[in-house]
Amino acid sequence: MTLTVAIKSIFNIEIDNDELMRQYVVTGDSKLLARLYDNCADDLYHYLVSHADKELANDVSQKTWLRVIDKRHLYRSNGQFRAWLFTLARNQLMDEFRRIQRQPLSEPVDVVAQAIKDPGDDLQKRFDKAITSLPFLQREAFVLHHEGFGLQDIAQITGEPTETIKSRIRYAKKQLKRLLEMDHD
């Protein structure tokens, strides 16, 4: 661990992920990688599991962190470590979908609309079912937005224009609202 990181750790000064990654690029210190993992792994997994089943999400998450290790020399520090990480994960997920010749997880709206009406489900479970019904690109933009990414970050992660991302989020919200309101009918 570098002296700067060690001093900040001693005095409990918060070190952002970008600084941790910059230091990891230089030193290769596994403790820095472990801190990055602790800071970002849950959000990354949540993003992946919203697009794939749990097994595939676990596999892609592991492969993404291996890629962070292998490709650390390609990281360009610009204050966007999470965006870089999620870009790696998205690319890995797309590669897996192509490899297994499978479309991203999505269910037809009418099937989901019926499933959402299950009176035994709490609001969170109904919401999760509604999210699953969204087309992949809308779901991706919506989930990234709710993971705390701004429009520019989402555009960078997906390789799409900002206006396209805005539209996808808007359509996703409209569809979710429609599905969840159907539950009240």
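**View 1. Q138 counts as buried, at 17% relative accessibility.** Buried means under 20% relative accessible area, exposed over 50% and partly exposed in between, with a 1.4 Å probe and protein chains only. The model is predicted: local features need pLDDT of at least 70, side-chain atom pairs count only at pLDDT 80 or more, and totals for chains, interfaces and linings use all residues. Residues are numbered from 1 along each chain as its sequence is written, and side-chain values use heavy atoms, with hydrogens and water left out. Q138 lies in helix α8 (residues 136-146); helices (H or I, at least four residues) are DSSP runs numbered from the N terminus. Neighbours within four places in sequence aside, Q138 contacts R168, Y171 and A172, where contact means heavy atoms within 4.5 Å.

**View 2. Helix α9 (residues 151-158) crosses helix α10 (residues 162-182) at roughly 105°.** Their axes come within 9 Å. α9 is therefore roughly perpendicular to α10, a term for angles of 65 to 115 degrees. Axes are lines fitted to C-alpha atoms over the stretch in contact, and angles run from 0 to 180 degrees between N-to-C directions. From α9, L151, Q152, I154, A155 and T158 meet T162, I165, K166 and I169 of α10. The residues of this contact comprise five nonpolar, three polar and one charged; Ala, Val, Leu, Ile, Met, Phe, Trp, Tyr, Cys and Pro count as nonpolar, Asp, Glu, Lys and Arg as charged, and the others, Gly among them, as polar.

**View 3. The buried residues of α9 are D153, I154, A155, I157 and T158.** Their cover includes α5 (81-99), α8 and α10. After α9 comes G159, with a positive phi near 75°.

Conventions:
Helix = DSSP H or I, 4+ residues; strand = E, 2+ residues; numbered from the N terminus. Parallel < 35°, antiparallel > 145°, perpendicular 65-115°, else oblique.
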